[in-house]
Amino acid sequence: SSKNMSGDQLKVFCGSANPELAQAICAYLGTTLSPAEVGRFNDGEIKVQIQTNVRGCDVFVIQPTCPPVNDSLMELLIMLDALKRASPKRITAVIPYFGYGRQDRRMLSRQPISARLACDLVQKAGPDSVLTMDLHAGQIQGFFDIPVDNLKSDPVLVLYLREKREMLNSLVIVAPDAGSSKRARMLAERLNAKMALIDKRNDDDNKAVFDIVGDLADNAVIVKDMIDTADSIVSAASLLLQNGVKCVLACGTHGVLSGDAVEKIDASVLTEVILTDSIPILRRENVRKSSKITVLSVAPLIGEALRRIHNEESVSSLYRYE
């Protein structure tokens, strides 16, 4: 009798950075997380043991390099190394939030370009490709020599904002800095809204002066790729209210939320701040208790990308705007 040959199986692993997201992605795919021990040796070194056979498999490692960023990054590298040495058919590093992405050029002399170094480290650990989401700068894809898919969370956000029908008839999408303007323009087009830009410059006394470029509306949504200290969205919201906007929301893909960012948001004039679960912020009690923070899941989006990669289908159509 002929022996059954097994096809290349899909196997999903994760480190300790965001197992909640990994579980949700597996639920979307109708599979379960493959077992791996990711812990510490007595001296604090990272200990990884892959607990299932991966020979010939299509392997995905889900690990955003979010705070504690160095632990998350090192775990990812060591997991990739363990898997690479176990003869899988292919490894995809799934890094929903890419830490060190902001240090992508030298602003002053004698500074590092840590984003490039982080890319080199990931690539050296041996994945065949990288799947990430809303990179701080799209050009970071060019720091890799392997294929990179940079998903956009915008479809998830657009679906959510479209449900706020009472807002849509007088809506402006606001870019709080030049880096956010392209995304703001795309969202404005999807929502048939206006777009405005906050231009920051320093006056003769080196004080920051803010100018609003573009027409405002009754409702505004401030767009950023990540919300870290929340200072920029809180000050932008105050500026917009002073200029006649009635209701201000903010959205960002990655909720880094350093320090007392959540408390700043709760005390601010913002009505709502929309984030995703690329970073596991729902673990934090102050986020769960906040009446202003909404967390949308990107698990179906990333899960669908994984399904397409596994089936050798196009991923780009996921982040073109339908």
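Before I go on, a word on the model: it is predicted, so local features need pLDDT of at least 70, side-chain atom pairs count only at pLDDT 80 or more, and totals for chains, interfaces and linings use all residues. Residues are numbered from 1 along each chain as its sequence is written, and side-chain values use heavy atoms, with hydrogens and water left out.

When I say helix or strand, I mean a DSSP run (H or I over at least four residues for helices, E over at least two for strands), numbered from the N terminus. Two strands pair if DSSP finds at least two bridges between them.

So, back to our pair. Strand 1 and strand 4 are joined in the parallel sense by 5 bridges. They belong to an open sheet of 5 strands, in the order 1-4-5-6-7, with parallel pairing. Strand 1 and strand 7 (148-151) are the edge strands, and because each has a single partner strand, one side of each is left without a neighbour in the sheet. Direction ignored, neighbouring strands here are turned by 20° against each other on average; axes are lines fitted to C-alpha atoms, for helices over the stretch in contact, and angles run from 0 to 180 degrees between N-to-C directions.

Next, the hairpin. Strand 2 and strand 3 run antiparallel, joined by 5 bridges, and R40 has I46 in strand 3 as its bridge partner. There are 5 residues between the strands, and G44 takes a positive phi near 95° in this hairpin. Strand 3 shows I46, V48 and I50 on a covered face, with K47 and Q49 on an uncovered one.

What does helix 2 pack against? Its buried residues (buried is under 20% relative accessible area, exposed over 50%, partly exposed in between, with a 1.4 Å probe and protein chains only) include L73, L76, L77 and L80. They pack, with contact meaning heavy atoms within 4.5 Å, against strands 1, 2, 3, 4 and 5 and helix 3 (114-125).

Strand 9 and strand 10 run antiparallel over 6 bridges, with R201 opposite V209.

On a 1 Å grid over the protein atoms alone, a cavity is a set of points where a 1.4 Å probe fits but cannot get out; a pocket is an open set with protein on both sides within 12 Å along at least five of seven lines; lining residues have an atom within 4 Å of a point. Grid points are joined across faces, edges and corners, and a volume is the space filled by probe spheres set on the points.

The largest pocket has a volume of about 980 Å³. Of its 32 lining residues, H136, A137, G179, S180 and D225 lie nearest the centre. Strand 11 gives the most to that lining, 5 residues. The largest cavity has a volume of about 50 Å³, and strand 12 supplies the largest share of its lining, 3 residues.
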